[in-house]
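Here is a short briefing on a predicted model. Please keep the sequence and the structure open as you read.

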Amino acid sequence: MAPTLRFQIGSTVTPGDRIGSIREVSAGKGTYVRGGHVYASAVGTLTLQPSQNDDNDDKQKSMVSVELRQGRHYASSKVLTVGTLIVGRVSRVMMQQAIIDMVAAEGIGSL
């Protein structure tokens with residue numbers, strides 16, 4: 001059964017638009033959850049990825065996301081994660097931390 005959404009799949013949504021309830025869908029890229037509802041966090045096209053559940057069990061929900069236009073990418077795709085290799089220069093050393101000026105990162109390129 002398809003989830004009930006406030007916008008049609010393929011329509012344009014803007015930040016703050018309430019898309020649906022977390023009881024029916026899960027939040028994907030370009031969305032966030034607040035107060036039991038999924039909201040858009042970017043301007044783009046609303047997409048729905050159906051659940052991978054074959055036996056009609058309600059435990060797996062479809063995921064809604066907002067696809068950016070004109071080949072744009074989310075800033076979060078440029079965020080470093082633990083284990084990412086970087087090229088940098090140590091600019092300051094303190095008792096419990098070091099400050100590094102990053103030049104490039106694996107998978108991201110020049111910064």
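Met102 is partly exposed, because its relative accessible area is 38%, between the cut-offs of 20% for buried and 50% for exposed. Met102 sits in strand E9. Its side chain also belongs to a nonpolar surface patch.

**Nonpolar patch**
- The patch covers about 500 Å².
- Two strands, E8 (86-93) and E9 (98-105), each supply at least two of the patch residues.
- Strand E8 gives the most, with three residues.

**Open sheet**
- Four strands form an open sheet in the order E1-E6-E7-E3, and the pairing is mixed.
- Strands E1 (12-13) and E3 (25-27) stand at the edges; each has a single partner strand, so one side of each lacks a neighbour in the sheet.
- E3 runs parallel to strand E7 (residues 62-67), and three bridges join the two.
- Within this pair, Ser26 stands opposite Met63 in E7.

**Whole chain**
- The chain has 10 strands and zero helices.
- Along the sequence, the pattern reads β-β-β-β-β-β-β-β-β-β.
- Of the 111 residues, 23% are buried.
- The accessible surface comes to about 8300 Å², and carbon and sulfur atoms hold 51% of that surface.
- Among contacts in the chain with a separation of 6 or more, 39% are between residues 24 or more positions apart.

Definitions and conventions. Residues numbered from 1 in each chain as written. Predicted model: local features only at pLDDT ≥ 70, side-chain atom pairs only at ≥ 80, totals over all residues. Heavy atoms only, no water. Patch = residues over 30% accessible without salt bridge, like charges linked within 9 Å, V, L, I, M, F, W, Y side chains within 5 Å. Areas by Shrake-Rupley, 256 points an atom, 1.4 Å probe, with all protein chains shown as cover. Salt bridge = Lys/Arg side-chain N within 4 Å of Asp/Glu carboxyl O. Buried < 20%, exposed > 50% of the residue type's maximum accessible area, 1.4 Å probe, protein only. Pairing = 2+ DSSP bridges. Contact = heavy atoms within 4.5 Å.
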